[in-house]
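Keep the sequence and the structure in view as you read.

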Amino acid sequence: MTGADVLLLALGAVAVGAGVLVVTTKHLVRAGLYLVVCLGALAGDFLVLSAELVAWVQVLIYVGAVVVLLLFAVMLTRAPIGASDDLDRPGWPAALIGGGAGLGLTALLVDAYRWSTVALPAAGTAERLGEQIFQSWVLPFEVLSVLLLSALVGAIVLSRPDIGRAGPHADGRAADLVGSESGGRR
């Protein structure tokens, strides 16, 4: 085992541990912060595997944008930030399904490769990656940006009780009529 292998396994253990904490904590904000640790450890794994561009994209997009958007959405919707009793459900069915799926995928991976080495393809360049993104994959990126924008607008609308409320004082006209009928006093 080389030093890179040990570092890869250590960062993988940090990522798995933080991922377990994401799904087991009762605090929503702490879950977001554990997600930052998990995604940061994955970026470290990419650095160990000499995929610097993917590592920095992971940090910039997932850690820098998606998690911040998630935390802003939580704060804007005024969701309970502390421990929540309604999230206390039995975890053994999920652990059983997750463990079974993990063991099945591990058996499939071991059976497929039999611990053999795989030849790596030629190293890519940022130019080739940019051509692929902006020629073949531009529509999914645009759809994702519209989806994230609509989620943010929806969070803002849900957090403001004065938007979309129907009633006599929804617009200022009914209040002005009441004030003018009572002799101009409010």
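Q: Is G64 buried, partly exposed or exposed?
A: This is a predicted model, where local features need pLDDT of at least 70, side-chain atom pairs count only at pLDDT 80 or more, and totals for chains, interfaces and linings use all residues. Residues are numbered from 1 along each chain as its sequence is written, and side-chain values use heavy atoms, with hydrogens and water left out. Buried means under 20% relative accessible area, exposed over 50%, and partly exposed in between (1.4 Å probe, protein chains only). G64 has 41% relative accessibility, so G64 counts as partly exposed.

Q: Which helix holds G64?
A: Helices are DSSP runs of H or I with at least four residues, strands are runs of E with at least two, and both are numbered from the N terminus. G64 lies in helix 3.

Q: What distance separates the C-alpha atoms of G64 and V36?
A: Along the chain, G64 and V36 are 28 residues apart.

Q: Why does Q58 count as buried?
A: Q58 also sits in helix 3. Leaving aside neighbours within four places in sequence, Q58 is in contact (heavy atoms within 4.5 Å) with L39, L42, A43, F46 and V63. Q58 is buried because its relative accessible area is 9%.

Q: How do the axes of helix 3 and helix 6 run, roughly parallel or roughly antiparallel?
A: Axes are lines fitted to C-alpha atoms, for helices over the stretch in contact, with angles from 0 to 180 degrees between N-to-C directions. Helix 3 (residues 52–76) and helix 6 (residues 138–159) have axes that come within 8 Å and cross at roughly 20°. Angles under 35 degrees count as roughly parallel, over 145 as roughly antiparallel, 65 to 115 as roughly perpendicular and the rest as oblique. Therefore helix 3 is roughly parallel to helix 6.

Q: Which residues of helix 6 make the contact with helix 3?
A: Helix 3 contributes L69, A73 and L76. From helix 6 come L148, L152, A155, I156 and S159.

Q: How many helices does the protein have?
A: Along the sequence the pattern reads α-α-α-α-α-α-α. There are zero strands, and the helices come to seven.
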